[in-house]
Amino acid sequence: MAEIRYRHNVMNINSIKTFLSIKGGLNNNVRDVYFIRAVGEISDLANIIADADRQMDIEVSKNRLVYKRINLLPQIRDIADADFYTALYLKYYENNKGKFRNIRSTETLESTVSEALNSTIRIYKESRSNLTSSMVRNFGTKLLFWLDQAIGDCLNDWSEKLCIKIIADNVVKEQEYLFYLFLTYIGCDVLLIENRNDISTDEKLLKYSYKFKLGDFGNTILRQYKRYIPEKVVDPAKNTTQQVQQPSKVVIPERTNRRSTNLNGNSNINTNTLQRREQQVPIVQVNREKSYEELAQLASSVVLIAIHDSNGDITGTGSGIMIGKKGYILTNNHVASGGCFYSVRIEDDEEVYTTNEVIKYNSVIDLAVIRIRRQLNPIPIYQGKKKLVRGQKVVAIGSPLGLFNSVSDGIISGFRNINDVDMIQFTAPTSHGSSGGAVLNLQGEVIGISTAGIDSGQNINLAIGYENIKLFTNGFTN
């Protein structure tokens, strides 16, 4: 295909609503893109942006576009990251192509990234008269790092016609502003919400974005973006004879809080670990009751998940269940939400796997699927051949308080309906950090995922049942 030329701001955009609705076309190898600055703020700005997030995510669910809102760009804090992205920049500088960590590169995308990189660096050089080659290299390295880490998941199905909408807020640094310009040369429409301060840079650079005024500058802090995925939730039949008679306070366990320490006790996690590891996947036999010793061996298919913020620090831990051979891990939505990326630890594997891939989530039934680049040995999900009953023995596997893959046993003590979601009440002891862990029957099948506990209770724990898990994970368990 002939080289694409990107044409900026062919129409004046004067509202957030217009930016969300307009889609630049591709005609005669010319692609229209928009780079907009909305300066100042209006009343209820935070809710307007939250509504925009929801509107765009609905469009995403219908495969009409790709969307992301960025609150803060990540920083290179790891030597291995610096080395990797510097080498990647040199590959693009010398050969006009290179392979990212998080982006499935194609020849067309590599060519487009190369052209975008060259265009942005040319503009950067034109705005400065005293740049050294090392300054240019460092800038190019940042561009590729931000592209891979901030919006890499938006580019895995990239094409010249793909509509990608990016919103960022309060971009004040010149190089970050140029990164968003860089994105427009890859076909992204970018809106900068500059409600507290506008960027301070040369007019030569500001001319590349169209400015419209929302109002006076204010101090509104926009909420962190959390992707909304509309999904019709099909509730299983209710057990009306075992409803909660009096409302109880239900507490979603907080993730075990830890800061600045990785899972091996080191001060940093080397995020250069997204290497696929192939291994023989044993067949799990589930046609008989297993001993507790055999059930405990299934801990190798339950993982410890650490949640990292934008600085790379660990903000909490939870558990997850291997459900698909191709790297799919089931956990709770309240475990996965709010993380910039995740590191996953597997029993008897010294490597720590990092990922920012949240494949699917649903806040109503509190489930999420993340993916790592590794072949897995999943635990089968119970198919409901026989109805679960009170008194039935169960085994729970999770990482309470960060204690990796603790195994406990108990019984099903009841069936509850909490906020219109059917849950299993069980007595196997769990604590903070167990969220996302497996609740198994004696055949070694997942009948639930540990989710919540009743406040002021002892061994009163709740799990999302296999019915919702089966519906939610359909398509991932092969």
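Biologist: How many aromatic pairs does a search of the whole structure find?
Modeller: The model is predicted. Rings of Phe, Tyr and Trp pair if their centres lie within 6.5 Å. On that basis, the number of aromatic pairs found in the whole structure is 12.

Biologist: What kind of aromatic pair do Phe-84 and Tyr-85 form?
Modeller: The ring centres of Phe-84 and Tyr-85 are 4.9 Å apart, and the planes make an angle of 85°. Planes over 60 degrees apart count as edge-to-face. The pair formed by Phe-84 and Tyr-85 is therefore edge-to-face.

Biologist: Is Phe-84 buried, partly exposed or exposed?
Modeller: Buried means under 20% relative accessible area and exposed means over 50%. Tyr-85, at 0%, counts as buried. Phe-84 has a relative accessibility of 24%, so Phe-84 counts as partly exposed.

Biologist: Which residue has its charged end over the ring of Phe-84?
Modeller: A charge sits over a ring only if NZ of Lys or CZ of Arg is within 6 Å of the ring centre. Here the charged end lies 4.3 Å from the centre of the Phe-84 ring. The residue is Arg-101.

Biologist: And over which ring does the charged end of Lys-360 sit?
Modeller: Lys-360 provides another such contact, with its charged end 4.6 Å from the centre of a ring. That ring belongs to Phe-472.

Biologist: Where does Asn-170, with its positive phi, lie?
Modeller: Most residues other than glycine have a negative phi. Asn-170 has a positive phi of about 50°, and its relative accessible area of 15% makes it buried. Asn-170 is found in the loop between strand 6 (164-169) and helix 6.

Biologist: Is Asn-29 buried, partly exposed or exposed?
Modeller: Asn-29 also has a positive phi, near 65°, and lies in the loop between strand 2 (26-27) and strand 3 (30-33). Its relative accessibility is 28%, so Asn-29 counts as partly exposed.

Biologist: Which are the edge strands of the open sheet of seven strands?
Modeller: The order in this sheet is 14-13-10-11-12-16-15, with antiparallel pairing. An edge strand here pairs on one side only. The edge strands are strand 14 (352-355) and strand 15 (358-362).

Biologist: Which residue in strand 11 stands opposite Ala-306?
Modeller: Strand 10 (residues 302-308) and strand 11 (residues 314-324) pair in the antiparallel sense over seven bridges. Opposite Ala-306 stands Thr-317.

Biologist: Which backbone oxygen does the side chain of His-308 reach?
Modeller: His-308 is found in strand 10 and is buried, with a relative accessible area of 1%. Its side chain makes a contact at 2.8 Å. The backbone oxygen reached is that of Gly-312.

Note on methods: Residues numbered from 1 in each chain as written. Predicted model: local features only at pLDDT ≥ 70, side-chain atom pairs only at ≥ 80, totals over all residues. Heavy atoms only, no water. Pairing = 2+ DSSP bridges. Helix = DSSP H or I, 4+ residues; strand = E, 2+ residues; numbered from the N terminus. Buried < 20%, exposed > 50% of the residue type's maximum accessible area, 1.4 Å probe, protein only. Polar contact = N/O pair within 3.5 Å; in protein donor to acceptor, adjacent residues only side chain to side chain. Phe/Tyr/Trp six-rings, centres within 6.5 Å; stacked < 30°, edge-to-face > 60°. Lys NZ or Arg CZ within 6 Å of the ring centre and 35° of its normal.
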